[in-house]
Amino acid sequence: MRKFWLSGWTKALVCLLCLVPFLNLSWRFYQNKLTANPIEFITHYTGDWTIRFLLITLAITPLRGILNQPQLIRFRRMLGLLAFFYACLHFTTWIGLDKQFDTREMWEDVIKRRFITAGMTGLLLMAPLAVTSTAGWVRRLGYRRWQLLHRLVYISALAGVIHYYWLVKSDIRLPAMYAGILAVQLLYRFGAGLISGRKSVPATRPLHPPADARG
Amino acid sequence: MHLRHSDVTPKETYLNRRRFLTAALASPFAARAETRLTGIVKSPFSTTETPTAYEAVTSYNNYYEFGTGKDEPVKLARNYHTSPWTVSLEGEVVKPKMLDLDEVMKLAPLEERIYRHRCVEGWSFVIPWVGFPLSALLKQVEPTSKAKYVAFQSYYDPKQMLSSRQAHIQFPYVEGLRLDEAMHPLTLLSVGVYGETLPPQNGAPFRLTVPWKYGFKSIKSIVKVRFVEKQPPTTWNMEWPEAYGFYCNVNPAVDHPTHSQATEVRLGVGRFGQKIKTQLFNGYGDQVASLYTVMDLRKNY
């Protein structure tokens with residue numbers, strides 16, 4: 001199993017799998033199958049996948065411990081960057097297709113509409129994490145500081161879920177489900193943190209430096 | 001030169017094609033049940049803008065009884081039974097009356113009215129409705145002097161509308177108009193679209209079409225019309241009063257909490273739709289602005 005997780009092929013396969021939503025979207029664009037309201041469809045689609053990838057990324061650390069597969073850490077950075085990738089697509093759709101580069105309208109949205117404020121917060125918090133995701137940055141910041149910085153991902157995910165919740169009109173099933181998953185993850189991390197504060201639990205502690213520091 | 005939808009593909013051709021495809025791909029029971037309406041006269045109230053494709057108008061719907069996804073009603077309402085159908089005219093009237101579908105269809109000559117349809121979510125269609133002025137239905141009864149508003153109620157059957165529970169809004173769906181709005185010549189009782197009876201997802205067998213108000217005011221599948229003295233409760237106003245008032249006139253100057261109403265995306269134009277400026281009263285100000293001369297449109301949104 002260890003060998004499987006450490007294989008470069010596995011990583012490439014997982015990456016390709018994670019790009020399936022993007023490829024599907026591109027295919028639908030090419031086929032002109034983006035529903036009657038393409039802008040809305042692309043916006044919702046990329047937004048959905050951003051939250052999903054954020055939650056998948058956050059699941060890596062707990063899953064390493066639960067499944068006793070510490071090598072899973074190899075995928076965390078890639079998954080986080082994919083979440084950022086989908087967030088950027090989401091953001092670009094908003095800027096280019098929805099707001100059509102109207103800066104005044106965008107600014108008004110950001111300050112007047114709380115769901116946009118929340119979404120923007122989530123995105124802005126992800127950006128420094130994407131930039132400092134390399135092994136070089138872990139070294140430069142020192143692992144403790146780097147780790148502290150990357151805890152922002154929880155705030156970012158929370159902002160994303162709130163962004164979604166504030167957007168929907170009445171049917172809150174999906175945002176509620178995402179909120180539930182995030183709550184479980186937070187509780188798990190909090191609980192694991194409490195335990196590891198007393199005794200060492202290596203399985204839930206991230207490897208340092210990341211096992212795939214070579215990239 | 002102005003191209004009309006009818007210039008592109010002959011209506012019969014593409015409808016036949018669609019029927020063939022539906023029949024070939026799905027079971028014969030899933031074939032479209034819409035029937036052609038005859039004796040339709042063109043209306044001077046129609047816009048000359050190009051109507052949105054039939055496919056878009058009938059597959060992208062807000063009909064929460066059949067799910068909150070826009071693509072859900074077309075699937076989940078497929079077997080919706082709209083026959084037999086009766087509508088009750090009641091409340092502040094001298095003599096209440098029940099009408100069945102056949103009687104309603106014969107109340108007035110059918111007109112084709114190509115109206116702009118502006119959704120509160122910021123998108124718009126141009127739809128060739130078939131129907132007649134709502135006033136023709138309302139005139140079937142004699143309102144008392146107390147009648148100031150008209151309250152409408154949609155059909156609701158949780159057994160047929162299984163997805164309605166997830167919508168988290170109260171059903172049956174209710175709407176209301178002031179009596180003068182309801183009697184206005186632009187206010188339509190739509191019985192069809194694109195020359196055919198309404199598909200279930202568009203509000204079969206008949207629905208309201210109030211073109212100067214946001215789409216959700218145009219209540220679907222009406223079973224009850226009640227004349228009342230006081231402003232009646234309306235579904236979205238009860239759900240979110242800060243966002244939805246009673247009037248809900250299209251107004252670019254009054255924002256919705258989650259978005260500006262200054263612009264809209266006209267769907268079906270180009271690859272992504274076309275962003276256009278929203279007009280006060282959805283461009284029907286010449287006909288309807290006089291209804292609201294003494295009213296603050298910002299307060300009465």
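## Cores, sheet and chain contacts in a predicted model

Tyr244(B) is buried, with 22 other C-beta atoms within 10 Å. Buried means 20 or more such atoms within 10 Å, exposed means 12 or fewer, and partly exposed lies in between, with C-beta atoms placed from the backbone. The model is predicted: local features need pLDDT of at least 70, side-chain atom pairs count only at pLDDT 80 or more, and totals for chains, interfaces and linings use all residues. Residues are numbered from 1 along each chain as its sequence is written, while chains are lettered from A and ligands numbered from 1 in the order in which they are written.

Tyr244(B) sits in the loop between α8 (235–239) and β12 (263–266) of chain B. Helices (H or I, at least four residues) and strands (E, at least two) are DSSP runs, numbered from the N terminus. Leaving out residues up to four places away in sequence, Tyr244(B) touches Trp236(B) and Asn237(B). Contact means C-beta atoms, placed from the backbone, within 7 Å.

In chain A, Val138(A) belongs to helix α8 (residues 135–141). Val138(A) counts as partly exposed because it has 19 C-beta neighbours inside 10 Å.

Two C-alpha separations are tabulated here.

| Pair | Apart in sequence | C-alpha to C-alpha |
|---|---|---|
| Val138(A) and Lys99(A) | 39 residues | 37 Å |
| Tyr244(B) and Leu137(B) | 107 residues | 27 Å |

Next, the cores. A nonpolar core is a set of buried Ala, Val, Leu, Ile, Met, Phe, Trp, Tyr and Cys residues joined through C-beta atoms within 7 Å. The largest has 83 residues, and Ala83(A), Val150(B), Phe152(B) and Leu189(B) touch the most other members. Helix α4 (residues 38–67) of chain A gives the most to this core, ten residues. Another core, of nine residues, lies apart from it and includes Tyr64(B) and Val74(B).

Val150(B) also has a place in strand pairing. Its bridge partner in β7(B) is Leu177(B). Strand β6 (residues 149–154) of chain B runs antiparallel to β7(B), and five bridges join them. Strands pair if DSSP finds at least two bridges between them.

Five strands of chain B form an open, mixed sheet in the order β3-β2-β11-β6-β7. β3 (97–100) and β7 (174–178) of chain B are at the edges with a single partner strand each, so one side of each has no neighbour in the sheet.

Finally, the chains meet: 21 residues of chain B contact 16 residues of chain A. The chain B side divides into eight nonpolar, nine polar and four charged residues. Here Ala, Val, Leu, Ile, Met, Phe, Trp, Tyr, Cys and Pro count as nonpolar, Asp, Glu, Lys and Arg as charged, and the others, Gly among them, as polar.

How values were computed
Two residues are in contact if their C-beta atoms, placed from the backbone, lie within 7 Å.
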